[in-house]
Amino acid sequence: MLQKYVFLFFTFFCATFISNCTGKNSADPNNYSASSGAAADYNNEDYMLFTSSEPLEPEELTAIKKFMNFYPDLDFTAEYDTEFSDWKLCITKKVFLNRPEKSDAEKALTRKADFYWAGGRLLPKSELAKKDDYWVLQYKYENTLRDPKTYTPEEIERIKDFGSSKNRRNDNGTPMFFFDFIYSAKSRPIIEEHIIKTKFLGKTTKVHERIFPALKRVEAEICLLAAISVEDLSTAERIGKIDVTSEKLTDEQKEIRKFIKTLRSSDAYYWREIAGTNRKSFHSYGIAIDLLPQRLNGRSIYWGWEKERSGDKWMMVPQEARWAPPQAVIKIFEEHGFIWGGYWIIFDNMHFEYQPQLIQ
Ligand SMILES: [Zn+2]
């Protein structure tokens, strides 16, 4: 059995040399049909393996296609590079997206960049030797809250270390190369050509043009669930008139309406480095949005502020003592590709971030 699999892998590699995988979202898996002709010399059992309706392809190529499916606006080709024993992706993006006011020539502009898969990190060739210093871009997003009372003393120490300024400085953390490319985030003047000023739940905000449709869908669904219209949020006066007590409303509608009425701001784009690190925050890409309420009423909302208030015990604040958006609002964000920072141990309950590849 083992020999058979060794052979199968060999076949994959042969096929790799002769056929690239071309993809857009719908990357045709049949492009990758491993050489079925070679199977004729083998016994029936082997033959079945090669003619199965499921095309055989290396696990990593499957993972690459799965990842790229979360970014349907991008085109890509993937080719196995034997020199680096890794998959090389050539990704093409449209420079401007969702910008009806741009000229046809600007709308047609594209850019290309090469990345190595690097086990799910999408690194440029120059970073391959340091691959292990980086986190992978796709991991399990835990959308449950663990009771801090269940943290062991060892875990508390690790959490403290993780939040310490020393650790946050040294860690390479998330590789930003892929994001720098797709969001044109190399420098402040460049990215600002792609930032759109808009409103979210009645508050002025600036977001990246690539996530604009997703954010508008989130807003429309929140309004639908609260049984209000986006026009009801057009002025402070209209927001003030939204009824939150009518007996006709469900408890969920009341909760969402109150959340909207008491929202102070929904700031997204903001060019800054993450405190204590060399990296940029996702706010610098215009793909993270902070929903801040007018009043916290003593509740905790962000680990850093809690650390200033209560020192090293910041992670022990029980969930019920933390401010959070309504559960239904968090769910809507997730359905449109945004993760919520309230599920992080290093909690940031006002923060949503567009990371569609993390929502499985
Ligand atoms: Zn934030």
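**Close-up views of a predicted model**

**View 1. Strands S8 and S10 side by side.** In S10, Glu353 is the bridge partner of Ala288. Three bridges join S8 (residues 288-293) to S10 (residues 351-354), and the two run antiparallel. Strands (E, at least two residues) and helices (H or I, at least four) are DSSP runs, numbered from the N terminus. Residues are numbered from 1 along each chain as its sequence is written. The model is predicted: local features need pLDDT of at least 70, side-chain atom pairs count only at pLDDT 80 or more, and totals for chains, interfaces and linings use all residues.

**View 2. The four-stranded open sheet.** The strand order is S7-S8-S10-S9, with antiparallel pairing; two strands pair if DSSP finds at least two bridges between them. S7 (263-267) and S9 (338-340) stand at the edges with a single partner strand each, so one side of each lacks a neighbour in the sheet.

**View 3. Helix H13 and its surroundings.** Val329, Ile332 and Phe333 of H13 (residues 327-335) are buried, that is, 20 or more other C-beta atoms, placed from the backbone, lie within 10 Å of their own. These buried residues fall within an arc of 100° seen down the axis of H13, so they line one face of the helix. The arc is that of the directions from the helix axis to the C-beta atoms. The buried residues of H13 pack against H9, H11, S9 and S10; contact requires C-beta atoms, placed from the backbone, within 7 Å. Gly337 follows H13 and has a positive phi, near 95°.

Methods: Buried ≥ 20, exposed ≤ 12 C-beta atoms within 10 Å, placed from the backbone. Contact = placed C-beta atoms within 7 Å.
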